[in-house]
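Hello,

Here is the structure I promised to pass on. Please open it before reading further, and keep it beside this note.

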Amino acid sequence: CIVGSLEGCALGCNDGCDPPDRVDWIVGYRVLELKDDLQITDNRTSLIPGGSQTSSSGDSFSTKNRFSGLQLGVMYQAHYQRLWMESMIRVALGDNRQTASILGGTTITGAGVTNNYTGGLLAQSSNIGNFEQNEFTMIPELGLNFGVRITRCLHATIGYTVLYFP
């Protein structure tokens, strides 16, 4: 079995060099971060004759999840001549720090006077603020990959991984 030479790359995979099936155990540390922002604005102008009034409202919602914890898993790789398949399952266990920030305001202008108010369309004085909490979280992950050895030095793979971050 010639590995790593140009001469070996041109050979097919039916020469007894197929790697054996294998199982790998995974232990590690995982950090995930998910951020999301939403901005909403609304501008209105009064259509009442003689009463020129405008109002503008704006809301801002921001969330952040930061997970850190232990990751455990197993990966199985099966070989059949030029084809191979790899399946993987992992789960991460740890702390998810969740933060949310809600802001909102309204400006009303009429008869040359401008007034500002707390609260917008969805952000009201009852829910405006910064909120935080820590929560124990499990994050599962599944993966499946298929591959073909075109030559000993050239492989093609396709696969899919699903990760659930609750």
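First, a caution. This is a predicted model.

**Overall make-up**

The protein has 166 residues, and 24% of them count as buried. Its accessible surface is about 11100 Å². Carbon and sulfur atoms supply 59% of that area.

The secondary structure is quickly listed. There are one helix and six strands.

**How the strands pair**

Start with strand β3, residues 83-110.

- β3 with β4: strand β4 covers residues 113-118. The two pair in the antiparallel sense, over six bridges. For one point to look at, find T107, whose bridge partner in β4 is N116. β3 and β4 form a hairpin with two residues between them. A111 sits in that turn and has a positive phi of about 55 degrees.
- β3 with β5: strand β5 covers residues 129-151. It also runs antiparallel to β3, and 20 bridges join the two. Here M88 stands opposite G143 in β5.

Now move on to β5 and its pairing with β6. These two are antiparallel as well, with ten bridges between them. They form a hairpin too, again with two residues between the strands. At T151, the bridge partner in β6 is L154.

So much for the pairings; the surface is next.

**A nonpolar patch**

Which residues form a nonpolar patch on the surface? They are I89, L142, Y160 and V162. Together they have about 430 Å² of accessible area.

Look at V162 in particular. This residue lies in strand β6, which spans residues 154-163. Is V162 buried, exposed or partly exposed? Its relative accessibility is 44%. Buried means under 20% and exposed means over 50%, with partly exposed in between. V162 therefore counts as partly exposed.

**Where to look**

See the β3 and β4 hairpin, with A111 in the turn. See the 20 bridges that join β3 to β5. Then see the patch of I89, L142, Y160 and V162.

Best wishes

Definitions and conventions. Residues numbered from 1 in each chain as written. Predicted model: local features only at pLDDT ≥ 70, side-chain atom pairs only at ≥ 80, totals over all residues. Heavy atoms only, no water. Patch = residues over 30% accessible without salt bridge, like charges linked within 9 Å, V, L, I, M, F, W, Y side chains within 5 Å. Areas by Shrake-Rupley, 256 points an atom, 1.4 Å probe, with all protein chains shown as cover. Salt bridge = Lys/Arg side-chain N within 4 Å of Asp/Glu carboxyl O. Helix = DSSP H or I, 4+ residues; strand = E, 2+ residues; numbered from the N terminus. Buried < 20%, exposed > 50% of the residue type's maximum accessible area, 1.4 Å probe, protein only. Pairing = 2+ DSSP bridges.
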